[in-house]
Amino acid sequence: MKAANMLVSQPERSILEVALEYGYSTHESFTRAFKQVWNCKPSEFRQKGRFFELFPRYITPWEKGSEYMETCKNVDISELYDLFTKRKNCYFVCCDIKSLIPINEISHHAGDLAILESMKRMENVAGAEDVVFRIGGDEFALLTASEDIQYAQSIAEQITSKNGTAFSAEGREIPLNLHVGIVKMNGSNIRYNELFTELHHSIEESKN
């Protein structure tokens with residue numbers, strides 16, 4: 001993800017320079033790894049200029065069989081806040097990657113894949129009206145369209161059921177685990193900073 005961002009934000013740097021920056025020894029090895037994540041070559045990605053920052057924007061659930069890059073939706077943070085307000089009595093399911101640092105130590109590429117895999121696990125269990133967005137480096141939230149705690153608990157259980165399942169990176173299988181918490185914001189006036197504080201707090205509580 002960081003490499004993809006650099007391709008778009010620093011067009012003066014060659015693809016080989018970006019590859020070397022992130023631990024790839026050749027243009028070819030970087031291209032192979034990049035295509036596994038973004039389903040296109042680095043040169044194509046740069047030409048289209050399509051980099052979707054996960055925060056403060058959010059990503060809507062994709063349909064099965066569709067490609068990640070074709071289903072990202074950019075939404076201004078004010079629109080996202082409007083959604084929070086409309087769903088002020090709905091539940092959030094919050095997730096945090098357990099032990100991301102050791103994964104990043106394997107490679108930046110492995111860390112990027114861990115982040116994408118985490119979002120995929122959340123998207124795969126999200127309902128049609130649920131929204132997944134990023135609230136930190138390796139922290140995410142799923143805003144449900146339901147005021148039923150059992151629905152949120154079901155989402156959380158489906159996510160945690162995947163804990164220990166590995167993803168492939170750098171020729172090895174890397175187990176991925178997520179902390180999962182549930183929180184509901186009550187009140188007619190939801191303040192943006194208070195909301196994100198509560199989301200992070202729910203993640204911290206899930207670690208205890």
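Which residue takes a positive phi in the hairpin of strand 5 and strand 6? Select Glu-170. Its phi is positive, near 55°. Two residues lie between the strands of this hairpin. Keep in mind throughout that this is a predicted model.

**Stop 1: the hairpin**

Show strand 5 (166-169) together with strand 6 (residues 172-175). The two strands pair in the antiparallel sense. Four bridges join them. Now pick Ala-166. Opposite it, in strand 6, stands Pro-175.

Phe-167 and Ala-169 make up the covered face. Ala-166 and Ser-168 make up the uncovered one.

**Stop 2: Phe-167**

Stay on strand 5 and select Phe-167, which has its place there. Is Phe-167 buried or exposed? Its relative accessibility is 6%, so Phe-167 counts as buried.

Next, display what surrounds this side chain. Setting aside residues up to four places away in sequence, Phe-167 touches Ile-103, Ala-110, Leu-113, Ala-114, Glu-117, Arg-172, Glu-173, Ile-174 and Leu-176. Pick out Leu-113 from that list. In sequence, Leu-113 and Phe-167 are 54 residues apart. In space, their C-alpha atoms are 8.0 Å apart.

**Stop 3: the largest nonpolar core**

The largest nonpolar core has 27 residues. Which of them touch the most other members? Select Val-93, Ile-97, Ile-103, Ile-159 and Phe-167.

Now colour the elements that build this core. Each of these supplies at least two residues: strand 2 (91-97), helix 7 (100-106), helix 8 (108-125), strand 4 (139-143), helix 9 (149-160), strand 5 and strand 7 (178-184). Helix 8 gives the most, with seven residues.

**Stop 4: Arg-121**

Go back to helix 8 and select Arg-121, which has its place there. How accessible is Arg-121, buried or exposed? At 5% relative accessibility, Arg-121 counts as buried, since the cut-off for buried is under 20%.

Leaving out neighbours within four places in sequence, the contacts of Arg-121 are Ile-159, Lys-162, Asn-163, Thr-165 and Leu-176.

The side chains of Glu-117 and Arg-121 meet in a salt bridge, at 3.1 Å from N to O. Both residues sit in helix 8, four residues apart, so about one helical turn separates them. Glu-117 has 23% relative accessibility and counts as partly exposed. Glu-117 is also on the list of residues that Phe-167 touches.

**Stop 5: a network of charges**

How many salt bridges does a search of the whole structure find? The search finds four. In general, side chains of opposite charge can pair when their charged atoms come close.

Select Asp-96, Glu-204 and Lys-207. Salt bridges link these three in a network. Begin with Lys-207 and Asp-96, whose side chains meet at 2.8 Å, N to O. Lys-207 lies in the segment after helix 10 (192-206), and Asp-96 lies in strand 2, so the pair ties together parts 111 residues apart in sequence. Then move to Glu-204. Its salt bridge with Lys-207 has closest N and O atoms 3.3 Å apart.

Asp-96 is buried, at 4% relative accessibility. Lys-207 is partly exposed, at 34%. Glu-204 is partly exposed, at 40%.

**Stop 6: confidence**

Finally, colour the model by pLDDT. The protein averages 79, and 77% of the residues score at least 70. Where is confidence highest, and where is it lowest? It is highest in helix 9, at 97. It is lowest in strand 1 (residues 58-59), at a mean of 36.

Select residues 50-77. Over this stretch the pLDDT is below 50. Beyond near neighbours in sequence, the stretch has 60 contacts in the model. Where pLDDT is low, the predicted coordinates should not be read in detail.

Conventions: Residues are numbered from 1 along each chain as its sequence is written. This is a predicted model: local features need pLDDT of at least 70, side-chain atom pairs count only at pLDDT 80 or more; totals for chains, interfaces and linings use all residues. Side-chain values use heavy atoms; hydrogens and water are left out. A nonpolar core is a set of buried Ala, Val, Leu, Ile, Met, Phe, Trp, Tyr and Cys residues joined through side-chain atoms within 4.5 Å. Buried means under 20% relative accessible area, exposed over 50%, partly exposed in between (1.4 Å probe, protein chains only). Contact means heavy atoms within 4.5 Å. Two strands pair if DSSP finds at least two bridges between them. pLDDT is the predictor's confidence in each residue, from 0 to 100.
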